[in-house]
Amino acid sequence: MNNASAKSVRWAIIGASQIARSWVAGAIRATDRGELVSLMSRDQARGEDFAKAFGIPKVVTSLEGVWEDAGVDAVYISTANARHREIAVAAAAAGKHVLCEKPLSLELDEAVEMAEACDKAGVIMGTNHHMRAAATHIAIRDLVKSGAIGKPLAARAMYCEYLPVELQTWRTTDTSQGGVIYDLTVHNVDALRFALGFEPQEVMSMKASSLIGKNGVEDQTQSVIRFEKDLIAYSHEGYAFAHHETALEIHGSEGGIYGRGIMDEAPSGQVYLRRGKEMTEVPVIPVNLYEGTVSQFNAAVLDGGAPKATGWDGVRSLATALAVRESCRTGQKVAVPQFNGGGRT
Ligand code: NDP
């Protein structure tokens, strides 16, 4: 759907979450083609508190209150993971464009259902893989694309941090929707797919509940992922690492790219190009990752085109993350389901 005559996208946030409060509500307000018109929270007081902080004119406590509101064009789904599917499918049926948080859902079939529902309804669907908007990640992708490192041979993604105590809730305790695989493996996989332009084929993984994971919920995972063109990547995600620098590296036949400290919510870190023993910093101008994501979503709705990460990108990152989970469970190598355009191959 292309709303060429509209001047801006009128957004509702669904779920008064931490990430909406820290980044996305402000990002929607900061974009020149987006307006924040409504907030849905199951809790009236939490909704009103959130709306006051961001000057949002309307608070509703039911999803129907969003679906029936003709003044809402798009929804940002910011609930905990288990509720994404139901909300996205209902949003599509109501004709609302959907920007959904990652992981899209808990099971692959549910994520496919969400992407198909949006395609069928003719609404735009995006996944909030916000790092696609990072100047550092774009610089890495451009270097790979331009042939600056020759043939890409190997890659490493490390998203290891110490999860702030206030976020040690469902993420570290809930066996059905918590853990680093749903939370961070999807980001690492998407960052690798974005930088390389290749699809993951198979994974071999191990997980552990080392320090802050409760009830067996994993707080770190390490995987080896075989991508197309026989590229092998290593991916490490962790909640338990207060002293670990995040990283994204691509190693090619003619050079290596080192993205240091760049797996983050805030614009951060540096990118270096290495040839032999020589390291040269690649200049990047930092931008707000969430503003970039929302701006492109607005443009997709108003002008046509695609969001930074589509619904199907979210399906693909989840497909690999679930293969990681299965490999951790079985101790075996697991094939990653493949998708051709919109469908499964
Ligand atoms: P929160 O745990 O902060 O919020 C989840 C939901 O719980 C909210 O939508 C809200 O729903 C409800 N809630 C909020 N505060 C409270 C509270 N004090 N007590 C009880 N319920 C509460 O979620 P996160 O922000 O950590 O994550 C939300 C989604 O965003 C997840 O899917 C996560 O994976 C994703 N995420 C993405 C990031 C990114 O950079 N792309 C970064 C961080 C998270 P309601 O108001 O309806 O009750």
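Modeller: Two strands pair if DSSP finds at least two bridges between them, and strands (E, at least two residues) and helices (H or I, at least four) are DSSP runs numbered from the N terminus. This is a predicted model, where local features need pLDDT of at least 70, side-chain atom pairs count only at pLDDT 80 or more, and totals for chains, interfaces and linings use all residues. Residues are numbered from 1 along each chain as its sequence is written, and side-chain values use heavy atoms, leaving out hydrogens and water.

Biologist: How do you know that strand 4 and strand 5 pair?

Modeller: Strand 4 (residues 74-77) and strand 5 (residues 97-100) share four bridges in the parallel sense, and pairing needs at least two. For Y76, the bridge partner in strand 5 is L99.

Biologist: What makes strand 3 and strand 6 edge strands?

Modeller: Strand 3 (58-60) and strand 6 (125-127) each pair on one side only. They belong to an open sheet of six strands with parallel pairing, in the order 3-2-1-4-5-6.

Biologist: Why is helix 1 called oblique to helix 9?

Modeller: The axes of helix 1 (residues 18-30) and helix 9 (residues 289-303) cross at roughly 50° and come within 8 Å. Helix 1 is therefore oblique to helix 9, as under 35 degrees is roughly parallel, 65 to 115 roughly perpendicular, over 145 roughly antiparallel and the rest oblique. Axes are lines fitted to C-alpha atoms, for helices over the stretch in contact, with angles from 0 to 180 degrees between N-to-C directions.
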